[in-house]
Amino acid sequence: ALLLGASLLVAHDLFLKLDSYFVAPHSAVRIPVYNGTFSASESGVASQRLLDISLVSPTGRARLAPTAWTTDSTRAWLAVHVAGPGTYVVGGSLRPNRIELTGSQFNGYLKEDGILDVLEARTRNNELDKPARERYAKHVKAVFQVGEQRTDAFATVLGYPAEIVPLVNPYTLKPGSELRVRCVVDGK
């Protein structure tokens with residue numbers, strides 16, 4: 001139980017991590033979904049948690065069927081088929097989930113994530129043993145390039161509660177350039 005609780009605390013970030021962000025036109029792409037850190041997935045995310053999975057191509061947005069998302073005990077995969085050349089976006093939005101943490105687990109989570117003011121308040125109020133409930137949702141997207149033609153799909157806002165949108169096509173930048181982005185929360 002302690003290991004499960006520790007893995008729940010670690011697996012709080014979600015990433016779509018393509019093996020290559022340069023893809024051949026008219027090909028099938030299997031995108032690993034990491035639930036944990038950018039280098040290791042702690043657990044697979046079940047397709048029942050999906051609110052949306054979308055692929056944005058130069059011709060527009062297509063919502064994907066939940067069957068495009070498969071999972072095992074440590075990872076999920078998203079299978080997409082790309083058509084013609086252009087800059088593409090793939091995204092996923094998960095239903096909110098709730099976990100319950102012991103006081104010790106929650107204190108460790110606060111310390112690991114650097115939320116020290118809350119940890120200090122719990123200490124000051126003699127609440128270190130008090131359990132906690134967390135309700136969270138995850139929203140993820142990746143921008144990748146199919147063939148050589150650069151297109152504007154990178155700027156598509158998927159409408160997720162929290163989202164990062166590039167202001168310029170990342171594939172037009174030279175190494176060392178800055179990537180400017182717009183952060184959107186609840187549509188603002």
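Contact here means heavy atoms within 4.5 Å. This is a predicted model. Its largest nonpolar core has 32 residues, and another core, of eight residues, lies apart from it.

**Nonpolar cores**
- Within the largest core, the residues with the most contacts are Ile31, Trp69, Leu78, Val90 and Phe144.
- At least two residues of this core come from each of strands S1 (13-16), S3 (28-36), S4 (50-57), S7 (76-81), S8 (86-94) and S11 (139-146).
- S11 gives the largest share, five residues.
- Beyond its neighbours within four places in sequence, Trp69 is in contact with Val33, Val45, Ala46, Ser47, Leu50, Ile53, Ala76, Trp77 and Leu78.
- The separate core of eight residues includes Leu101, Tyr109, Leu110 and Ala132.

**Ser54**
- Ser54 is part of strand S4.
- The side chains of Ser54 and Arg61 are joined by a polar contact of 2.9 Å.
- Leaving out neighbours within four places in sequence, Ser54 is in contact with Arg61, Ala62, Arg63, Leu64, Val89, Val90, Gly91, Leu158 and Tyr160.

- Most residues other than glycine have a negative phi.
- His26 is exposed, at 57% relative accessible area.
- Asn126 is exposed, with 72% relative accessibility.

Technical notes: Residues numbered from 1 in each chain as written. Predicted model: local features only at pLDDT ≥ 70, side-chain atom pairs only at ≥ 80, totals over all residues. Heavy atoms only, no water. Core = buried A, V, L, I, M, F, W, Y, C linked by side-chain atoms within 4.5 Å. Buried < 20%, exposed > 50% of the residue type's maximum accessible area, 1.4 Å probe, protein only. Helix = DSSP H or I, 4+ residues; strand = E, 2+ residues; numbered from the N terminus. Polar contact = N/O pair within 3.5 Å; in protein donor to acceptor, adjacent residues only side chain to side chain.
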